[in-house]
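Here is a short briefing on the model shown below. Read it with the structure open.

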Amino acid sequence: MFNLRTPILAGSLLLGTALAGSMALAATPPDTLVIATSIDDMLSMDPAQSFEISGGDQINNVYETLVDVDPVSLQPIPGLASEWSVSEDGRTFTFKMQEGRKFASGNPVRAQDAAWSLQRVVKLDLTPAFIITQFGLTKENVDQNVRATDDMTLVIQTDRPFAPTFLTNALTASAGSVVDMETVMQHAEGEDLGNKWLSQNSAGSGAYTLRSWTPNEAIILEANPNWDRAADLQMKRVFVRHVAEPATQRLLLEQGDVDMVRNLTPTDIEAISNVEGLKVQDSLRGLIYYLGANQNNEILKNPKVVEAIKYLVDYEGLTNTLLKGRDVVHQSFLPQGFLGEIKDNPYKLDVEKAKALLAEAGYPDGFPIEFLMRNEQERIDIGQALQGTMAQAGITLNLRPVVGSEALEIYRARNHELTLQTWGTDYPDPHTNASVFASNPDNSADAKLVGNLAWRNAYAAAETTPMVEAAVVEQDEAKRRAMYEEMQRVAQATSPLIPLFQQIEQTAMQANVNGFQAGGAVESAYYWPVTKAAAQ
Amino acid sequence: MTSANIEDPRGPGRARIPSSRGLSRAARRVASFVFSLAVTLFGLLLVTFLIARVVPLDPVLAVVGDRATQAQYEAARVELGLDRPLPEQFVRYVGDVLTGDLGTANLTGQPVLRDIQRTFPNTLELATFATILGIVLGIPGGVVGAVFQGRWPDQVIRVVGLLGYSMPVFWLGLVALLIFYGILGWAPGPGRLDVTQQFTYEFDVTRYTGSVILDSALSGAWDVFRNAVAHLILPAAVLGYFSMAYISRMTRSFMLEQLGQEYITAARVKGVPEWRVIWVHALGNAMVPLITVIVLSYASLLEGSVLTETVFAWPGLGLYVTQALFAADFNAVLGGTLVIGAMFIVLNLLSDILYAIVDPRAR
């Protein structure tokens, strides 16, 4: 480059050296966690509104919930509630609040705040509201059914008996965050219950407070001095910088300008795993790749055809090449890490078996079928790989890659044939996926259960729908677990919704960064346990 | 630009006393500018609005997302006003725009106006710096190329320019980062500021204009200012390279045209020094068409260079509008288009003014 002596480069060099001066050895401040990641999905910091991955990550560090998730074991633990109990009839849940907890404002955390926070989610009725309203709570009844009987006692009444773990698991979601009622209501506008203000500000009791969020640019969190473990908090600030391009993220990490990056490609991960001073941490997340076979399609409604398709995916081959480091083979609808997970993957690529099944189904020479997917590189790659293996049994996949929102529109209207889709869990309870993969209360076109995956594929789920209903009200945890295991095995054998892979998130960081938890399948990221050893 | 202007008997260079005729002409000019601004922006809005409504992207789905029930979907559709007839939607939108309300962006959950106030200064800084680099290096390059036509300085400049044209900006940006940031460590990394300066900016700098460079200078936060300028250099150099390639090529061809004219020969015969012939006489005349070239190139940079902004994690307008487009976020797209359209019109006016300064005949 130098020999070219292009004026522009020479000029930039001159100016660069003149101005750069002291920035040669960049290191992040010892009390600040600096993360480069993509935050362009983030829409709001209000726990009653946020439903995006980035938003969930911040909210998990700014707010606390009645029931928490342990950052190491990822199991439910007491949060702002120290204990809880369920009435005989399984409909009344009583939570005892922790003593002495305070919001960042200094206000005490009371049962009234917890009740108001849940009422607020129901009344605002924004995207995540269903997590709370599914317990039979409505705008009309929520003031009676979620109430504080005194400063330290919260009572939640559901419309029918529910599994206790279902409610406590649901309360660990962002929507279950306890917000500071007094502070928020000072900023309320009209009927918005402070929604507008809380989109940009925070009023929680968690480890951090939101200092600022500039969309598509940066998020700055500051330590909350009133947090109960504030004395142990080493990272006094968290700086999340929006960097969309993985190659740029990698450069920032290698230069030591950031502590952590979260969107590297497998190639980048491989390259940096040999770099001294850097390390990679894997976390199995809750996102699942699956195929959906529309049961309104004459060919696909034949169970033998669906079974044949299950034998025409090169699970091992894909996770060893294309999806290496990104996904693991996972053939059941509950991600690993969930209550009731099963780990058996009975299907593998078996062209002969598939051919026999297709012959039994009356398609010895296969058939052509349209294959809908989003036009993202990874999905197109998977589509092409499937095209190859399906062709071996005579099935011609006509790939139809379209823009994300268009793919969703087609899918919700049941206008697809075979499709490749992903699904992320909404809250850390098995019902989140069971209710959409294995339950279909009304398969008629008029029902328009567009949010339900079984309905989208016109799959009646006749066998598993009652099982899902039974499991969500089961009072005994061990029995409940067994019920989910069983319904997944049934689905594995018969369902036209075919889970393929579970996502791994790879976080690359400086070797001196410890304690980060990406959240596994059940939670968002934890910043507050992070420590940084003195840089070498 | 009418024939009356050209025949102005006073000729160029003489002191001009504003006459009442001149004043009314100025008023007419302002009026016609305002009128053309309004008409252009209205047309732009109409076309963008219609395109946004016919593309097969569902803005409602973009708002409510994957999980929404049919009821939530319908509620959002009504909330967005999409259940109303198209003309009514348009009238409402224009009404809102006239009162300064560009709506809320689904992409960020913020008012579009605030998003633009935030992203546009970044793009303005980048485009301005890149254009200055393009002018400072491109014009002399073009002049030298024309003077040494066909000889080695010309060849070198042409090859450098050609590289500028043919290299993908995305790649060039990454390579520049790799070399000057990754290997040599001379330039700061991507982004608008370093972490420490970002904190200072966040806590201590008053936002007067939205431009990091201006605001930090006005607040006397010189560390932030230096850092902001340092961060600007690499992306501006990459963008400026393209701008330079274009400007130098155009300068060269305009200069060749001028150098072949009789007045040049006449000047040389009269014994005018060669540097004066080239840099004053020929370049002076070549500047007239060159201004249009530069202004257009500046305007296209103001639209934002999406790829440069992506590689350098530069939160500019181009990236914003592009993301909005993919997310079917029509409020953001319409707002961004409006600003870019207005910039084009303003720059057009600027080019007219510059024209008048450089070319007496245009007065």
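Two residues are in contact if their C-beta atoms, placed from the backbone, lie within 7 Å. By that rule, 69% of the contacts in chain A between residues at least 6 apart in sequence join residues at least 24 apart. This is a predicted model: local features need pLDDT of at least 70, side-chain atom pairs count only at pLDDT 80 or more, and totals for chains, interfaces and linings use all residues. Residues are numbered from 1 along each chain as its sequence is written, while chains are lettered from A and ligands numbered from 1 in the order in which they are written.

**Chain A overall**
- Chain A holds 19 helices and 19 strands. Helices (H or I, at least four residues) and strands (E, at least two) are DSSP runs, numbered from the N terminus.
- Chain A is as compact as a globular protein of its length, because its radius of gyration is 25 Å, close to the 24 Å that the globule rule gives for 536 residues. The radius is taken over C-alpha atoms, and the rule is 2.2 Å times the number of residues to the power 0.38.
- The C-alpha trace of chain A spans about 80 × 70 × 40 Å along its principal axes.
- Of the 536 residues in chain A, 52% are buried. A residue is buried if 20 or more other C-beta atoms lie within 10 Å of its own, exposed if 12 or fewer, and partly exposed in between; C-beta atoms are placed from the backbone.

**Domains of chain A**
- Domain 1 covers 33-229 + 511-532, and domain 2 covers 285-504. These bounds come from an automatic or database domain assignment.
- Their contact takes 19 residues from domain 1 of chain A and 19 residues from domain 2 of chain A.
- On the domain 1 side, helix α6 (residues 164-171) of chain A gives the largest share, 5 residues.
- That side divides into 12 nonpolar, 5 polar and 2 charged residues. Ala, Val, Leu, Ile, Met, Phe, Trp, Tyr, Cys and Pro count as nonpolar, Asp, Glu, Lys and Arg as charged, and the others, Gly among them, as polar.

**A covered helix**
- In helix α2 (residues 53-62) of chain A, 10 of its 10 residues are buried.
- The buried residues of α2(A) include Ile53(A), Asp57(A) and Val62(A).
- Their cover includes β8 (208-214) and β9 (218-223) of chain A.

**Chain A against chain B**
- The contact takes 53 residues from chain B and 54 residues from chain A.
- On the chain B side, α11(B) gives the largest share, 9 residues.
- By class, that side has 30 nonpolar, 15 polar and 8 charged residues.
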